[in-house]
Structure formats: C-alpha cells, structure tokens
Amino acid sequence: MIKETWALFIREVKKTFRNKAVVAMMVVQPIMWLVFFGSSFSHVPSSFLSSFFNTTNYIAFLLPGELAASMIFVGMFSSMSMIQDKRFGFLKRILVTKAPKESIFFGKVFGASTRGLLSIPIMMLVSLAFGVVFHWNILSLVVWILGLLLLGVGMASIYSIITMRSNDWQTPGVVSNLINLPLMFSSTALFPSTIFPGWMRDISSVNPLSFAAGLGRSFVLNTPPNFLFLLYLVIFCFLFLGIGAFLSREWLKAE
Amino acid sequence: MGEITVDVRDLSKQYGNFKAVDNISFTVKKGEIFGLLGPNGAGKTTTIKLLTTLSPPTSGQAFVAGYDIIKQQKEVKRNIGWVSAEIILDDDLNAWENLGLQAALQGITNWEESADTLLKYFELAEFKYKNVGKFSTGMRKKLEIAMALLNSPEVIFMDEPTIGLDVGTRKMLWDLILLIKNEYKVTVFLTTHYMDEADQLCDRIAIISHGKIIALGSPSELKQKAGGYAVSLEVNDGFDISSLKQFHILENDKNKILIEISSKDNMLDVLKSINLEKLKSINLITPSLDSVFLKLTGSTIKETEEAVDYRKFYSMVRRNTQ
C-alpha cells in the first residue's frame, strides 16, 4: 500500500510541477491576494487595526488566513485530477494492477496537499517584503505548517469523496464554489470573529479554517500555539482521510 | 499444450435489461493466441472487463491463470497484462516513468533490467526519456504492450489492438503479437472485429454476436464450416450449362454461375469441362471468416455493426426526448 501510494503521489507531484503555467499561477495567486486584498486597510488608523486585528499591519493578520484559504482551494485539484484519470482511462489502468484502491485516493489527496504547501514560503517572503515582522518561534512555525498540511489533506479528502463517483469535468468547479466561499467567509481567515453575528461566530468556532488560521497567528503575533487547535485539525484530517479510504474501496470502479 | 490458461464457465453480464455477455463458456490454452471476433457491441470489451476483474460478472465463473476472477482478484491481476482499445498512458511522464509507475503498481522490484530489455526489443530504447505525449500512435501502443509484459504475465489481454491504426503500424503490431507469443511464451487473448486480423494471428477464434458465442475453432476449421472453395463464372449467352453437371451448382442466375469445389485445384477441372469461348470471367472464391460470419448470423459484420449503431442511436434519441 505504501509503495503504491508513494508512486501515485510522485506522479501527481511530477504532473503538477512540470506544468509551468500551474507553477506560475501557484506563485502569483497568493501574491495577488496579499497585495490587493492585504492593502485594502492601508489607510485605516492604526488604533483601529490594533483593536480589531491585534496588529498594526493587516497583512500580518491576513497571511495565516490566506494560507489556510489556499489550502482549501487546492482540494479542488485532487478531484480534478481524479476525474481526468477517469476520463482518459488511467483509472482503469491502475485498477487492472494489484494496487489497492485506497492508494489511488491517498495519492490524489497527498498530491494536491503538496501543491498547497508551496505557497507557504512564497507568501511568507511577500509578507516580509510588506513589512511584516516574524519572531521566528520554531515550535509555532512547525505547528502552523503541520496544521496547514492537516487542513489541506482533510479538505482534499472531502473533495475527493464528493466527486469520487463523478465523471463530469464541471463537478469540481461547482463543488468548489459551493464549499470554499462560505467556508472562507465564515472563518477567522479574513476577519476576527468578534465582529461576526452570533450564528456566524458559531460556524466559525467549528470551522477548520479558523483553527489553521489561529495556529498561524500564534507564529505571526508571537503568542504560544494552541495545541487544542492542532488536535482538532488532526481529528478533522484523519476522519475524512479514513472515510475516503473506506469509500474508495466501493466507489472507485472502472464503469 | 493442453494446459488451460483461461477457463470461462457460463459467464454472463447484464446491464439493466441488456445482456452484454450471455452465458458464454470457452477455454484458452496456454501459449496460444485466442481471438474473440465480433462486431462492435457484441460483448467483446465486456468479456475482457470481466476477465481482467474490472467489472464483476452477473453470473457464472471464470478462472484466469488458475485464479477465480471473483474470489482471487489480486492473484488474477498479478498474473495478467492488459492493453486497452484506447491508448492509456500518462502523457506528462516519459516512457521510463510510465514503466516505473506500472512496476510500482504491480509491486515489481528490480524491474529496470526487464524494462530496458523490453524497450530494446520494441525499438523504443532511444526514446526512453522522451515524454510519451510526443510519441506516435505506434510507439504508444508498443510502450503499452511493454508495460503489460513488465510483470511477466501468464496471459495478456488486448482489446482491439489494431483499431484505428494505419496499415503499416497494424502489420508491425501483428509481428509484435506473434513475437510475444513466440519469444515471451505469453498466452494472448485478443478481441477484434477485423476478419483478416483474426485469421492471420489467432490459433483459435470464438465468434461472438449479441453476447453469445456462436462458433469456436481454428480459423481453418471455421472456414470449413462455412463451406469450401467456390468458383464464380460469368458466361456469355448460349453457354452450355450441362457441361457443368458433374459439379455442385450453388447459384445460376443470368449468366452468373457459382460452383462449389472441394479444393483450389478443382478449378482446373471446371476450366477443362467448359467451352472457354463462352466464358467471360472466372473467379476463385476462397473461404474466409467473413463467409463464416455471414453463414452463422445471416449478415456480414459490417451490417451487424450498422444495426447495432441504429439501435444505440434510437435509444439515445428516446432518452433525450423523455
């Protein structure tokens, strides 16, 4: 199982990183987020920023949220890649080998999550350029990156589960629009939940994006990381990874 | 010989009300090239799907390389190679990476040496690190076959191996299939709707029509079933038909006469007994699988395919208007 998963994972990574347009887009898109969205609070008085965002630079607040958001967006690529393999028959090729079906699912999920990790160093560099100061607490950094990875794997699992039985190119896009935007806006990724109405604060308090963003803010704002957030993301990730692995045995078929 | 590689017993596959494969039984002997011949929609691809464990049968049993296709799927998969009708490769990877992926999925260690040998054999060695997306169709097909052979299978399943290929590539592939049989001693199970392909390549052929096997035997056996050689004559008015009374006349229609003969050489006897001045043309008709199919089903493969397409077309139209 591990060898087959590794081989399929490497295939996904190669396919992603050999496509120059994809790599360019992965680099440019997060930069545009920070540059355009991050600059929207530039002329707001710093007293306002401090009271609402606990920092005088909105980009410092946005960086963890935007990275968490980019991890949920990569989920879409796992289902797109799966549907492509179905349409071109490559799934059949794998199914005629003795590779377990779970490894097909794992390969897609880990492949897509890896794609998301690339934006971490890029966005950190861009933030530095915009005057964000990091305190380089290594523990907080490791916990944050781990949290992002768990979020990415969990989200990619959810995507793969939803589209596992579909053959339609359009499904991942439809699902993406359905899931991503509400998930992003009902989290603390872009704004603190203190300004939310009560019902949205409730959603935000169970939204995995909030937890990943929270872990990032511990690093950026130099506060001790909340390990309960990490635990929550571990449960979130392995729950959906497990469900996906279980369903792939039944749902991944040649017809 | 004598050993059996594929053993199919009363196998059926039903999709809704449509019986794609209807209670078929046959055996494939070790080391032979076995062909499943029939028009599109006859159940050839479905049969391959069942035998490669891609799809579960509705009823019946089958054993591939000695393993049950229902209960021992992993063992079946480990012992087979599969080449689909459409070419399935990862175009973003090069030939070597495609082979490596296949090896990893089949759990083969030390695959590099046999992969190198296969590439050399198939004249692909110099394109080892070239992206498969840039390969010609013939090269892609060859690479697929190399991948199917990588796990040293007992039997290799080829679904319509030469569909859509030009004449030269087709000939190349025929030679390759014979090479697989002779050099690698692998049993080949192929499907085709080309009569000449089945005739030239296969040791034994099963003819399938509407999901049922309607004839099985070696090409020559099957041809014999369809009747032997025949001579068709075109004659001028005033031809003396009684000069042919020693022969079996199959048809006699407006100066066109069809006579059955037992062997090719008997054509000379026909020539000797008639008045050559009244003869316009003479033609030897050799038995072919076409004539077998015609005799067994009452229609040629081409007509059957057209009929099948109409059926599909109408069902499609119906679905869209409901």
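This is a predicted model: local features need pLDDT of at least 70, side-chain atom pairs count only at pLDDT 80 or more; totals for chains, interfaces and linings use all residues.
On the α8(A) side, the contact is made by A:S140, A:L141, A:V143, A:W144, A:G147, A:L148 and A:L151, while α11(A) brings A:P208, A:L209, A:A212, A:L215, A:G216, A:S218 and A:F219. Sorted by class, this contact holds ten nonpolar, four polar and no charged residues. The crossing of α8(A) past α11(A) is left-handed.

A look at α7(A) brings both helices back into view. Within α7 (residues 119–129) of chain A, the buried residues are A:S119, A:I120, A:I122, A:M123, A:M124, A:V126 and A:S127. Their cover includes α8 and α11, along with α2 (20–37), α4 and α6 (101–117), of chain A. Just after α7(A) comes A:G131, with a positive phi of about 85°.

The largest nonpolar core counts 99 residues, and those with the most contacts inside it include A:W144 and A:L151 as well as B:L51, B:F157 and B:F189. Helix α4 (residues 58–87) of chain A supplies the largest share of this core, 13 residues. For B:L51, neighbours within four places in sequence aside, the contacts are B:V6, B:V8, B:L11, B:A62, B:V64, B:I69, B:V76, B:F157 and B:F189. A second, separate core has 47 residues, among them B:V83, B:L99, B:W174 and B:C202.

Note on methods. Residues are numbered from 1 along each chain as its sequence is written. Chains are lettered from A and ligands numbered from 1 in the order in which they are written. Side-chain values use heavy atoms; hydrogens and water are left out. A crossing is left-handed if the near helix is turned anticlockwise from the far one by less than a right angle, and right-handed if clockwise. Helices (H or I, at least four residues) and strands (E, at least two) are DSSP runs, numbered from the N terminus. Contact means heavy atoms within 4.5 Å. Ala, Val, Leu, Ile, Met, Phe, Trp, Tyr, Cys and Pro count as nonpolar, Asp, Glu, Lys and Arg as charged, and the others, Gly among them, as polar. A nonpolar core is a set of buried Ala, Val, Leu, Ile, Met, Phe, Trp, Tyr and Cys residues joined through side-chain atoms within 4.5 Å. Buried means under 20% relative accessible area, exposed over 50%, partly exposed in between (1.4 Å probe, protein chains only).
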